[in-house]
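Please open the structure in your viewer and keep the selection panel at hand.

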Amino acid sequence: LIVEDSVSDVIFLKKTLEKENYDLNYAENGKDALSLIKQDTPDLVILDILLPDIDGYEVCRRIRNNDSLINLPVLF
C-alpha cells in the first residue's frame, strides 16, 4: 500500500514497483489508508509523513496499536 499525496511520487513508486510485479494499492491520505488496511491488509505500507489529514506518524501509531497489524512492515 502506497500512502502518498504527491501524484508525482506515486507515479514514480508505481512504475518502479510494478516492474517487479508487485500488486499495488494507493491512498492519498491517512484516513483512506487505515480504511484500506482494514479491508485487505497489505504486505507492506509505504507511508508519507506529511499527509493532508492524519500524519504518517499517527497512521503508524494506529497500525501499531492494532494487535493484528503489529507486525505489518511500515516504510516511511
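Begin by selecting helix α2 (residues 30-39) and helix α3 (residues 56-64), which pack with their axes 10 Å apart and at an angle of about 25°. Helices here are DSSP runs of H or I with at least four residues, strands are runs of E with at least two, and both are numbered from the N terminus. Axes are lines fitted to C-alpha atoms over the stretch in contact, and angles run from 0 to 180 degrees between N-to-C directions. Because angles under 35 degrees count as roughly parallel, α2 is roughly parallel to α3.

The model is predicted; local features need pLDDT of at least 70, side-chain atom pairs count only at pLDDT 80 or more, and totals for chains, interfaces and linings use all residues. Residues are numbered from 1 along each chain as its sequence is written, and side-chain values use heavy atoms, with hydrogens and water left out.

Next, display the strands. Four of them form an open sheet with parallel pairing, in the order β2-β1-β3-β4. Strands count as paired if DSSP finds at least two bridges between them. β2 (26-27) and β4 (74-75) are at the edges with a single partner strand each, so one side of each has no neighbour in the sheet.

Now select strand β1 (residues 2-3), which pairs with β2 in the parallel sense over two bridges. Which residue of β2 does Val 3 stand opposite? Val 3 faces Ala 27 there.

Technical notes. Parallel < 35°, antiparallel > 145°, perpendicular 65-115°, else oblique.
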